Amino acid sequence: MSMIQMLLKELEQEAQTTRKMLSRVPNDKYDWKPHEKSMTIKQLATHIAELPGWITMTLTTDELDFAATPYTPENITNTTQLVDYFEKCLADGKTHLSKATDDQLQPNWTLRNGEQILSVSTKGEVIRMVFSQIVHHRAQLGVYLRLLNIPIPGSYGPSADEMNF
């Protein structure tokens, strides 16, 4: 199995859980956040939904410069839009990844803020980092949902909400 095939398989497996988690975000809680330093549920869920698009960015560019490319999140106002946006970003990421070769994962990709270099990693490592970011932020969203008394879907097995205790 090629590295591309392994990444595609993992992306699809993670997408199943991400889809379930995003679909639980309540429409009436988009401005809610658990702490003053936390993102709103809208900000967090939108970021999770957009992350598969980073696969495309990684494969089609050599860097992201935050100073030159200000972050402008998609304006999501309800859960249907949220899941649709995730599906769009996922399809785009999968399309680009499926057309890539293992050799295209080798060049370096740079994350910077102007002159400040934040990281330099191979494109393959950046794609793996994207997967890790999805899982990390999805776990944060799970805490948000738990605090709102919304049942959590299982990720790598059943959740406490899915078990019969």
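**The sheet**

Select β1, β2 and β3: these three strands form an open sheet in the order β1-β2-β3, with mixed pairing. Two strands count as paired if DSSP finds at least two bridges between them; helices (H or I, at least four residues) and strands (E, at least two) are DSSP runs, numbered from the N terminus. The model shown is predicted: local features need pLDDT of at least 70, side-chain atom pairs count only at pLDDT 80 or more, and totals for chains, interfaces and linings use all residues. Residues are numbered from 1 along each chain as its sequence is written, and side-chain values use heavy atoms, with hydrogens and water left out.

The edges of the sheet are held by β1 (63–65) and β3, each with a single partner strand, so one side of each has no neighbour in the sheet. Neighbouring strands are turned by 10 degrees against each other on average, direction ignored.

Now select β1 and β2, which run parallel and are joined by three bridges. Within this pair, D65 stands opposite R112 in β2.

Continue to β2 (residues 108–113) and β3 (residues 116–122), an antiparallel pair joined by six bridges. Here W109 has S121 in β3 as its bridge partner. The two strands form a hairpin with two residues between them, and G114 in the turn has a positive phi of about 65 degrees.

Axes are lines fitted to C-alpha atoms, for helices over the stretch in contact, and angles run from 0 to 180 degrees between N-to-C directions.

Next, show α3 (residues 53–60) together with α5 (residues 123–147): the two pack at an angle of about 170 degrees, with their axes 9 Å apart. They are therefore roughly antiparallel (angles under 35 degrees count as roughly parallel, over 145 as roughly antiparallel, 65 to 115 as roughly perpendicular and the rest as oblique). Display the side chains of W54, I55, T58 and L59 in α3, which meet K123, V126, I127, V130 and F131 in α5; contact means heavy atoms within 4.5 Å. By class, this contact has seven nonpolar, one polar and one charged residues. For these classes, Ala, Val, Leu, Ile, Met, Phe, Trp, Tyr, Cys and Pro count as nonpolar, Asp, Glu, Lys and Arg as charged, and the others, Gly among them, as polar.

**Helix α2 and its surroundings**

Move to α2 and α4, whose axes come within 7 Å and cross at roughly 25 degrees. That angle makes α2 roughly parallel to α4. Select A45, T46, I48, A49 and E50 in α2 to see them meet L82, Y85, F86 and C89 in α4.

How many residues of α2 are buried? Eight of its ten residues are, where buried means under 20% relative accessible area, exposed over 50%, and partly exposed in between (1.4 Å probe, protein chains only). The buried residues of α2 pack against α1, α3, α4 and α5.

**The nonpolar core**

The largest nonpolar core has 41 residues, and those with the most contacts inside it are L22, I55, L82, I127 and L141. Such a core is a set of buried Ala, Val, Leu, Ile, Met, Phe, Trp, Tyr and Cys residues joined through side-chain atoms within 4.5 Å. At least two residues each come from α1, α2 (41–50), α3, α4 (79–99), β2 and α5, and α5 gives the most, with eight residues. Centre the view on L141: leaving aside neighbours within four places in sequence, L141 is in contact with M21, L22, V25, I41, L44 and I48.

Select E14 in helix α1 (residues 3–22). E14 is buried, with a relative accessible area of 11%, and touches V135, R138 and Y156, not counting residues up to four places away in sequence.

Then find I76 in the loop between β1 and α4. Is I76 buried or exposed? I76 is buried, with a relative accessible area of 3%. Beyond its neighbours within four places in sequence, I76 is in contact with Y30, K42, T46, Q81, L82 and Y85.

Finish at W32, in the loop between α1 and α2. At 24% relative accessibility, W32 counts as partly exposed. Its contacts, leaving aside neighbours within four places in sequence, are M39, T40, I41, Y144, L147 and L148.
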